[in-house]
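These are my notebook entries on a single model.

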Amino acid sequence: MSATYRLGLYEKSMPMSLTLPDKLCVTSEAGFNFMELSIDESDEKLLRLNWVPTERRELREASADAGTTVGSICLSAHRKYPIGSVDASVRACGLDIMARAIDLAADLGVRLIQLAGYDVYYELSSDKTRALFAENLRRSVEWAASAGVTLAFETMETPFMDTVEKAMHFVRLINSPYLQVYPDLGNLTNAALLYGHDVASDLESGRGYIAALHLKEARPGIYREIPFGAGYVNFVSGIGTAWAQGVRRFVCEFWAVEDWRAQIDRAHAFIRAQFEKSGVTG
């Protein structure tokens, strides 16, 4: 078996009107290797955590029918329900979301959950929120380890965890093989501009702990909804740096637009070309 990379498609690149079986079919037809499922703070997405065994089996069967898989979960629901919140009820909700997401991943055969790197989002960050975050992160990783599911931090757009180096503080603190880093290349590029370092050196600080890489376009100070090729992210360098560290899983992250199907094809062609330019073949 040759070592190659796997390229995933972020679920939100497709309109909400599509069913999950339809999204899996699009993922496969467009040439991606897997789909990354979204569990965000919306009521619709949170209801997925309540799926009964029959619903979970139906999604596994839909994956098989489409010839692809749900390869990872992007768990961004903790923006609204952070595990570092000073509000005990919000923390409890965040932990409940974490436990149920891990259970869902295990049932679906998903090995990797991307965590949003926030102690809090709609509150002010403080020493207390950081301490609460670390305390509840430790509990969460113990649950994940028991289920055989890896949690991995996304590097975000806020100062709390906008670099791999900052994510590694918590990875080393918890010191578990079930807590890794899943950086966002667009967010890292903006952080590098802000702090005056380069993306490659920041990625290097996570060597051995990077589970996957989000491939997202960005512009200075703008973190979302930039078409591939219209920003300033150096995908060739980022992909090459990650590949040299042993990273083999990547996900294209972008959001649905009116001509969403054509956008997916353009994104696929653009990113595959970046792999070729970086010397990576798959």
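**Entry 1: aromatic rings.** I began with a cluster in which ring pairs link Phe133, Phe153, Phe160 and Phe170. I took rings of Phe, Tyr and Trp (its six-membered ring) as paired if their centres lie within 6.5 Å, with planes under 30 degrees apart counted as stacked, over 60 as edge-to-face and the rest as tilted. The model is predicted: local features need pLDDT of at least 70 and side-chain atom pairs count only at pLDDT 80 or more, while totals for chains, interfaces and linings use all residues. Residues are numbered from 1 along each chain as its sequence is written, and side-chain values use heavy atoms, with hydrogens and water left out.

By the ring rule I counted 15 aromatic pairs. One of them joins Tyr121 and Tyr122, edge-to-face, at 4.8 Å centre to centre and 90° between the planes. I then checked accessibility, calling a residue buried under 20% relative accessible area, exposed over 50% and partly exposed in between (1.4 Å probe, protein chains only). Tyr121 is partly exposed at 27%, and Tyr122 is exposed at 52%.

The rings of Phe133 and Phe170 also form an edge-to-face pair, because their centres are 5.1 Å apart and their planes stand at 85°. This pair links distant parts of the chain, with Phe133 in helix H5 and Phe170 in helix H6 (residues 164-174), 37 residues apart. I took helices (H or I, at least four residues) and strands (E, at least two) as DSSP runs, numbered from the N terminus. Phe133 is buried at 3% relative accessibility, and Phe170 is buried at 3% as well.

**Entry 2: nonpolar cores.** I defined a nonpolar core as a set of buried Ala, Val, Leu, Ile, Met, Phe, Trp, Tyr and Cys residues joined through side-chain atoms within 4.5 Å. The largest one has 78 residues, and those with the most contacts inside it are Ile113, Leu137, Phe153 and Leu215. Helix H4 (residues 88-108) gives the largest share of this core, eight residues. A second, separate core of nine residues includes Tyr10, Leu112, Ala212 and Trp255.

I next listed the contacts (heavy atoms within 4.5 Å) of Ile113. Leaving aside neighbours within four places in sequence, Ile113 is in contact with residues including Ile73, Leu75, Ala101, Ile102 and Ala105, as well as Val149 and Leu151.

**Entry 3: cavities.** How many cavities of 30 Å³ or more does a search of the whole structure find? The search finds two. I used a 1 Å grid over the protein atoms alone, where a cavity is a set of points at which a 1.4 Å probe fits but cannot get out, and lining residues have an atom within 4 Å of a point.

The largest cavity holds about 50 Å³ of space. Its lining consists of His78, Ile83, Met98, Leu115, Ala116, Tyr118, Phe133 and Leu137.

Entry 4: Helix H7 (residues 185-195) is mostly covered, with eight of its eleven residues buried. Among the buried ones are Leu185, Gly186, Asn187 and Leu188. Their cover includes strand S5 (150-154), H6, helix H8 (199-204), strand S7 (213-215) and helix H9 (235-244).

Lys216 sits in the loop between S7 and H9. Is Lys216 buried or exposed? Lys216 is buried, with a relative accessible area of 5%. Not counting residues up to four places away in sequence, Lys216 touches residues including Asp184, Leu185, Tyr223, Val233, Glu253 and Trp255. Lys216 and Val233 are 17 residues apart in sequence and 7.9 Å apart in space, C-alpha to C-alpha.

**Entry 5: loop residues.** Glu225 also lies in the loop between S7 and H9. Although not a glycine, Glu225 has a positive phi of about 60°, and this residue is exposed at 59%. Asn175, in the loop between H6 and strand S6 (179-181), is not a glycine either and has a positive phi of about 55°. Asn175 counts as exposed at 65% relative accessibility.

Last, I looked up Ser76, in the loop between strand S3 (70-75) and H4. Ser76 counts as buried at 15%. Outside the four places on either side in sequence, Ser76 touches Ile39, Asp40, Glu41 and Ala116.

Notes. On a 1 Å grid over the protein atoms alone, a cavity is a set of points where a 1.4 Å probe fits but cannot get out, and a pocket is an open set with protein on both sides within 12 Å along at least five of seven lines; lining residues have an atom within 4 Å of a point. Grid points are joined across faces, edges and corners, and a volume is the space filled by probe spheres set on the points.
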